[in-house]
Amino acid sequence: MRLPSYTRSLLLFQMFNGSNFTIALGAPMVLTARFLGAGESAIGALIALTPFLATLQMFSTELAERWGYRRLMVTCWTGRAFMLLLVVPLPLLMGRLSPALLVAALFIPLFAFNAIRGVAACAWFPWIRELIPADRRGYFLGLEQRVVHASVLVTLLLSGWFLGTSPQGWRFSTLFAAAWVAGLASALVLTRIPDRVPEASRQRPSRSVRARLAAIREVWAHKPFRRVTRFGALNTFAQAAIPGFLVLYLRDELGWPERTILLFAAGSTLGVLMIAVLWGRWSDRVGSRPLLRLVVAGQMVLLSGWALFATGVLRASPLTVGPIYVLTGVLFASQAIALIRLFLFVCPENETTLGIMVYQVIACFLGGCAPVLWGFALRGMRGWAGVQPGATSLPFAVFFVVALVLLGAAQLLLSRIPEPKAVPTRRLLVQLLWGWPLRMLLGATVQDPDR
């Protein structure tokens with residue numbers, strides 16, 4: 001079975017969306033906040049807005065089923081794009097207004113941007129579940145990850161080139177204006193995608209608060225769903241603060257310029273482009289759990305490397321940090337594809353929208369707590385070591401080690417997740433390290449069966 005024809009529109013939406021959120025929520029946003037004078041705790045709060053406000057979807061699940069997934073997405077994606085226009089003048093006011101006032105003014109539109117996104121967050125994955133056949137979801141998610149991160153790569157490279165080494169305020173303003181244009185384009189593309197909401201959801205009468213709570217308890221009683229949710233939530237808590245605070249680590253502790261930092265962030269997307277589609281096909285064939293087992297182990301190895309850099313045992317340089325960023329991209333894409341596919345599989349069939357809401361609210365709440373807690377913790381630990389560029393950073397060493405321990409706990413939770421048709425991890429390792437390389441040496445190629 002081939003993917004539906006409207007898949008192209010889904011991927012085109014993700015192309016524009018990737019450019020939009022890379023600037024509004026990623027490294028360019030962190031650098032803009034730092035330019036305006038934000039400290040670690042303020043940046044932690046800004047990073048936490050996205051996961052915290054995703055919990056607003058708990059109030060919009062019935063709205064998504066009544067309006068339809070497309071209408072809710074188009075309305076919210078259009079509204080959130082206009083919030084970025086309020087950010088455009090702020091860098092131009094640097095030196096005229098106090099840093100505290102500018103950071104507060106940045107917080108307001110980004111809060112609104114993420115709140116509007118949070119309302120629509122319950123619509124995307126149920127929509128995908130209805131649009132994409134179950135036996136092709138892994139392949140589609142691989143394609144989606146490739147398109148998103150190709151857009152992220154181009155956006156970061158252009159942003160790094162445009163900002164340079166000592167950017168002036170108007171350059172940050174221009175980036176957010178470009179993000180506004182990309183956001184409007186993504187909303188326009190959504191109108192070309194069919195709106196499919198299950199008839200059972202459309203015809204279901206409005207439920208009282210007590211009935212909704214009873215339905216949530218019923219969803220949570222589904223053991224596979226509960227176990228996947230626990231794993232995803234802990235995994236999110238362990239890693240949610242890492243990308244944003246890595247930007248500060250490279251900028252403030254190592255003294256690297258903005259252009260270099262964005263170049264490394266772009267390098268992580270190369271890993272996604274290399275592996276995403278292939279990993280999606282593997283997840284359809286061997287299952288998600290063994291792939292997640294390998295991904296979490298790899299992420300633990302990379303965090304060990306960052307901890308060694310922060311303690312001074314290893315010296316951080318472009319030659320060592322670059323490959324780590326690329327591998328980070330490989331593992332990020334692999335985890336996203338396998339986890340989403342697994343979650344869509346275990347979500348109760350008759351409560352798709354509600355089940356996805358429950359999962360995302362729990363994971364996003366913990367994902368929001370992480371950067372806030374670490375923002376205050378890193379600020380409080382700044383006195384432990386000097387802040388000269390290149391110095392050993394014990395606060396960041398603690399940060400990386402704690403994240404490493406939490407990922408170890410997530411690895412243990414994977415053992416309790418059922419996936420009947422999944423290949424054992426040991427057999428997958430044999431295929432990865434011996435079987436597939438041997439086929440390549442023999443000149444064999446693995447083709448997609450539907451091509």
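## Aromatic pairs

In this predicted model, the count of aromatic pairs comes to 25. One of them joins W374 and F399 in an edge-to-face arrangement, with 4.9 Å from centre to centre and 70° between the planes. W374 belongs to helix α16 (residues 352-380) and F399 to helix α17 (residues 394-414), so this pair ties together parts that are 25 residues apart in sequence.

## Charges over rings

Two arginines are placed over aromatic faces. R71 lies over the face of W67, 4.1 Å from the ring centre. R171 lies over the face of F162, at 5.1 Å from the ring centre.

## Salt bridges

Side chains of opposite charge can pair when their charged atoms come close. The structure holds two salt bridges. In one, D252 meets R34, and the closest N and O atoms are 2.3 Å apart. D252 lies in helix α12 (residues 242-253) and R34 in helix α2 (residues 27-36), so the bridge ties together parts that are 218 residues apart in sequence. D252 and R34 are both buried, D252 having a relative accessible area of 17%.

D252 also forms a salt bridge with R251, at 2.8 Å from N to O. R251 is partly exposed, with 27% relative accessibility.

Definitions and conventions
Residues are numbered from 1 along each chain as its sequence is written. This is a predicted model: local features need pLDDT of at least 70, side-chain atom pairs count only at pLDDT 80 or more; totals for chains, interfaces and linings use all residues. Side-chain values use heavy atoms; hydrogens and water are left out. Rings of Phe, Tyr and Trp (its six-membered ring) pair if their centres lie within 6.5 Å; planes under 30 degrees apart count as stacked, over 60 as edge-to-face and the rest as tilted. Helices (H or I, at least four residues) and strands (E, at least two) are DSSP runs, numbered from the N terminus. A charge sits over a ring if NZ of Lys or CZ of Arg is within 6 Å of the ring centre and within 35 degrees of the ring normal. A salt bridge is a side-chain nitrogen of Lys or Arg within 4 Å of a carboxyl oxygen of Asp or Glu. Buried means under 20% relative accessible area, exposed over 50%, partly exposed in between (1.4 Å probe, protein chains only).
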